[in-house]
Amino acid sequence: MLPATFKLCAAISYQHLRNVTGLRRQAAVAISQELSKLSCRSAGPSTWISQVRRRSSLLSSRLEEKPFSEMEMSYIKQGEEALQKSLSILGDQEGWKTETVADNGDKVLSKVLPDVGKVFRLEVVVDQPLDAVYNELVDNMEQMGDWNPSVKEVKILQKIGKDTLITHETAAAVPGNIIGPRDFVSVRCSRRRGSTCVLAGMSTTHGAMPEQQGFIRAENGPTCMVLRPLAGSPSQTKLTWLLSIDLKGWLPKTIINQVLSQTQVDFAKHLRQRMVQAAGC
């Protein structure tokens, strides 16, 4: 039976049969059954049988997952692209200029990139552990409008797997109405690598959210937030926010730059207030 089983597995290696979900599942089950028989015949399963069984179980579980559509894969790739571009920008330490430094040490830097334009970089320390900050920014994303004065509403339009989201964000009015109503449709990608979390995003389109009357559809990205425990103080979190936005419309660059850098400073202030409130609950 075992030779026949491996012939079945070999068959699904051909492209035209690989997409036949039932055949792939049948192969995975057959392998598992044959390995069980082999282990029963000996005093104990050999190392390679144990390893293959574990991989077979993993294969079976993956086959039960819903496959991604072509459109979903496109969104996943966009999220990955935003993540890689953002990390590449943050990784280049040259050319950054200081925009503002607050009394508490919060710092906003800026840099002009040929293919992106002007980007802003916020560097702050939050007196809360990483998991708490991550939970607020990712798991409670749709509540951001409750505490961030720059955001009116965040709505999740679609979830794709565990790490990719499509969102619609409505910006709050700027005091003095110097910038009219803006909204964004974004693909967001989250990754956790050891003790570092990266939340990246960029503008996209989505059928459920065409351009809205009364709003200018602005664009963002690549943008990301990087969270990591503060060195020597794991109860605190170092947060770096790369911001890249094209607000569209006829706006002087001096006004845009002032608004965006202040937006980052205000974000840090209100995030701290939110975290204190959450910790007290």
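This is a predicted model: local features need pLDDT of at least 70, side-chain atom pairs count only at pLDDT 80 or more; totals for chains, interfaces and linings use all residues.
## Overall make-up

The protein chain has 281 residues, of which 40% count as buried, and its secondary structure comes to seven helices and twelve strands. When contacts between residues at least 6 apart in sequence are taken together, 56% of them join residues at least 24 apart. The accessible surface of the chain is about 16200 Å², and carbon and sulfur atoms account for 54% of that area.

In soluble globular proteins, nonpolar side chains tend to be buried together. In this model the largest nonpolar core holds 36 residues, and the members that touch the most others are Leu137, Leu227, Leu239, Phe267 and Leu271. At least two residues of this core come from each of strand 3 (117-126), helix 6 (130-139), strand 4 (151-160), strand 7 (196-203), strand 10 (223-230), strand 11 (233-243) and helix 7. Helix 7 makes the largest contribution to this core, with seven residues.

Another core, of 22 residues, lies apart from the largest one, and its members include Ala82, Leu90, Ile160 and Val187.

The surroundings of Leu271 can be given in more detail: leaving aside residues up to four places away in sequence, Leu271 touches Val126, Glu136, Leu137, Trp147 and Leu239.

## The second largest pocket

Rolling a probe the size of a water molecule over the atoms shows where empty space is left. The second largest pocket has a volume of about 450 Å³, and 18 residues line it, with Val116, Gly117, Lys118, Ile245 and Asp246 lying nearest its centre. Two or more lining residues are given by each of strand 3 (117-126), strand 9 (219-220), strand 12 (245-246) and helix 7 (253-280).

Sorted by class, the lining of the second largest pocket comprises eight nonpolar, five polar and five charged residues.

## A cis peptide bond

Most residues other than glycine have a negative phi, and most peptide bonds are trans. The peptide bond from Gly221 to Pro222, however, is cis in this model, with omega near 0 degrees.

Definitions and conventions. Residues are numbered from 1 along each chain as its sequence is written. Side-chain values use heavy atoms; hydrogens and water are left out. On a 1 Å grid over the protein atoms alone, a cavity is a set of points where a 1.4 Å probe fits but cannot get out, and a pocket is an open set with protein on both sides within 12 Å along at least five of seven lines; lining residues have an atom within 4 Å of a point. Grid points are joined across faces, edges and corners, and a volume is the space filled by probe spheres set on the points. Helices (H or I, at least four residues) and strands (E, at least two) are DSSP runs, numbered from the N terminus. Ala, Val, Leu, Ile, Met, Phe, Trp, Tyr, Cys and Pro count as nonpolar, Asp, Glu, Lys and Arg as charged, and the others, Gly among them, as polar. A nonpolar core is a set of buried Ala, Val, Leu, Ile, Met, Phe, Trp, Tyr and Cys residues joined through side-chain atoms within 4.5 Å. Buried means under 20% relative accessible area, exposed over 50%, partly exposed in between (1.4 Å probe, protein chains only). Contact means heavy atoms within 4.5 Å. Accessible areas come from the Shrake-Rupley method with a 1.4 Å probe; for residues, only the protein chains shown count as cover.
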